[in-house]
Amino acid sequence: MSDATVPAEAVARAAELRRLLQHHAHRYYVLDAPEIPDAEYDRLFQALQAIEAAHPGLRTADSPTQRVIGQVLAGFAPVRHAVPMLSIRTETDTEASGAEAFDARVRRELALPDDAAPLDYAAELKFDGLAINLRYERGVLVQAATRGDGETGEDVTQNIRTIARVPLRLQGSEAPVIEVRGEVYMRRDDFERLNEQQREKGEKTYVNPRNTAAGAVRQLDPAITAQRPLSFFAYGLGEVQGWDQPATHSATLDALAAFGLPVCADRRVVQGAAGLVAFHREMGARRDALPFDIDGVVYKVNDIELQRRLGFVTREPRWAVAHKYPAQEQVTRLNAIEIQVGRTGKLTPVAKLEPVFVGGTTVSNATLHNLFELRRKGVRVGDTVIVRRAGDVIPEVVGRVPSLRPAYVPNFRMPRQCPVCGSPVAREKGGIDHRCSGGLYCGAQRKQALLHFAGRRAMDIEGLGDKLVDQLVDSGLIRTLPELYTLGVAKLAALDRMGGKSAQNLVDGLVKSRHTTLARFLYALGIRHVGEATAKDLARHFGGIDRIMDASLDQLLEVNDVGPVVAQSIRAFFEQPHHREIVEQLRAAGIQWPEHEGTQADTAALPLAGKTLVLTGTLPTLSREDANALIEAAGGKVAGSVSKKTHWVVAGDEAGSKLDKARDLGVPILDEAGLRALLAG
Ligand code: 5U1
């Protein structure tokens, strides 16, 4: 196709672009396995269009710009569309001018005078999915077909029938033929859940909801499609026989909704260019909060008669346009891989990227989730990677462009030591995540460790919540758990937004928390896999913290419900000298619990063994829950009512009828100090 006036570089570049576009179109349309994001494909496409516009002699009949690509897959029966499935013209100017240009074009083509009233447009969302034609005959779904090349698609009826939201029968219509056109898509939460399941199983994750939905529709085994959480929205019509279509597009969609078809509620009839611009802006602002991906909005001339007058150019109607938003996937360079330690100690590889504008913001960090996903995606420093940012999900690297790898790139390795505290990094047998074993000691886990330690079911430190923990750690006031017990009112009151009263409340809370139980203390340490029940079992079995710290794996395995994973986790925790130090420092700070707390072997020797107590009123320092726990730990039982069998009634302020009854029956009555004396034996 070259001629003497066309520069050789243009000839070569056009040939290269055609080759690239054909390759990527095949991967996208036929294999459902694209290598590059849509935005990158669009860029290549536009580059070829520009060269062909400048040098029309280079336009070949097989140029991707000259036809809509799509192929019937071997394996599905071909379906000839009764009415061709058109594509939609795309406006890539993502600014207001994109909408204004469409309105101006429509008005020009309708030959409207400048002072004619603004046109009515149906404004909708452009769902990022796969276009489908549903054929209903006499109200019954008889066939579902993909778009294919627009003339002939694939018969995917069996697969589409698995989508619960697609009605198998229309409500209130027995028209001989109604073809409904719309988009099969996957909601973001369904997609994230599916990928979470894949990660848990250690299997390959899906790249994005669109490809996953498209792949599911074109599964040869409908049983697999049925397992994919697909959704559907109707947005138009194909062939219609025996039904009077309403006079406007918006009324047509209302009618489809009345037939029981899912029609997206985020649509509106707007007036003129100003209405289009406002809709584009409003949906752009709401884009991240929508439950599904959109890549733009669609404007359609609302009046069907005007649509007929406007007609088509090649395979695109003149009465509609898709007005895009910034792409949610882009390619960029992976400059480095760093490790982030989370609040729970999980190590996450984070991609440090050449900043790229994606999904409406500039992204320079993206998650790689874990070592296994990183390896599966084959990502290495220096690679050209695909970054996705959609909705409020954190940006992630979803793949790489294999053809753009530099000559030598070393493989990534997980560090053996935590980059924050230097503790050993470990991965549980069969597990996927690498974790820092530093626990309480690790700076990255400090806030989480403090909150857990202070929790109601742990040390129950009243007044120590999220915000205060943030302040204590961020101000540098607390670096280790034991430092909590060095806080005084003066230090606390100096914190921002901390009044004297709240400071005093926290100090009181800390004082109260010093009297606890071994089970609560153990649970509060936040040892992985040691929940409340295991902590109680351990306390009952060993009776003392030193015995637990020194217990061998075999001794730990003797405890009720303690298996190898839990036993190993306890051993690993106490093998670290800094954890033993923390326990010592907490004991030195005055944290105490009754010794021999419920030890299986010597319950009978406990101070309250066989005794029943009743609590009434408010005790000066002990909460009802704590008093219960202390009594139970000392072998006693707490009953709800007073009888002749009650050994003691413990009464605080505003004690009620139980105190009267104790007096009547001659049951001994104690205050909190008396109870503490009993507990101490
Ligand atoms: N909402 C909507 N999406 N969408 C996609 N309407 C709509 N219409 C389309 C396409 C391809 O095509 C018609 C304008 C023919």
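Trainee: Is P395 buried or exposed?
Mentor: Buried means under 20% relative accessible area and exposed over 50%, with partly exposed in between, using a 1.4 Å probe and protein chains only. P395 has a relative accessible area of 17%, so P395 is buried.
Mentor: Keep in mind that this is a predicted model, where local features need pLDDT of at least 70, side-chain atom pairs count only at pLDDT 80 or more, and totals for chains, interfaces and linings use all residues. Residues are numbered from 1 along each chain as its sequence is written, and side-chain values use heavy atoms, leaving out hydrogens and water.

Trainee: Which residues does P395 touch?
Mentor: P395 is in the loop between β17 (384-388) and β18 (396-400); strands here are DSSP runs (E, at least two residues), numbered from the N terminus. Contact means heavy atoms within 4.5 Å. Not counting residues up to four places away in sequence, P395 touches V363, N365, A366, T367, R388 and R389.

Trainee: Which strand gives the largest share of the shell around the ligand?
Mentor: Both β3 (120-127) and β10 (294-301) supply at least two residues each. The largest share, three residues, comes from β3.

Trainee: Where does the side chain of K300 come in, and how many Å is its polar atom from a nitrogen atom of the ligand?
Mentor: K300 is one of the residues surrounding the ligand, within 4 Å by heavy atoms. A polar contact is a pair of N or O atoms within 3.5 Å. The polar side-chain atom of K300 lies from a ligand nitrogen at 2.8 Å.

Key: A polar contact is a pair of N or O atoms within 3.5 Å; within protein, one must be able to donate a hydrogen and the other to accept it, and residues adjacent in sequence count only if both atoms are side-chain atoms. Helices (H or I, at least four residues) and strands (E, at least two) are DSSP runs, numbered from the N terminus.
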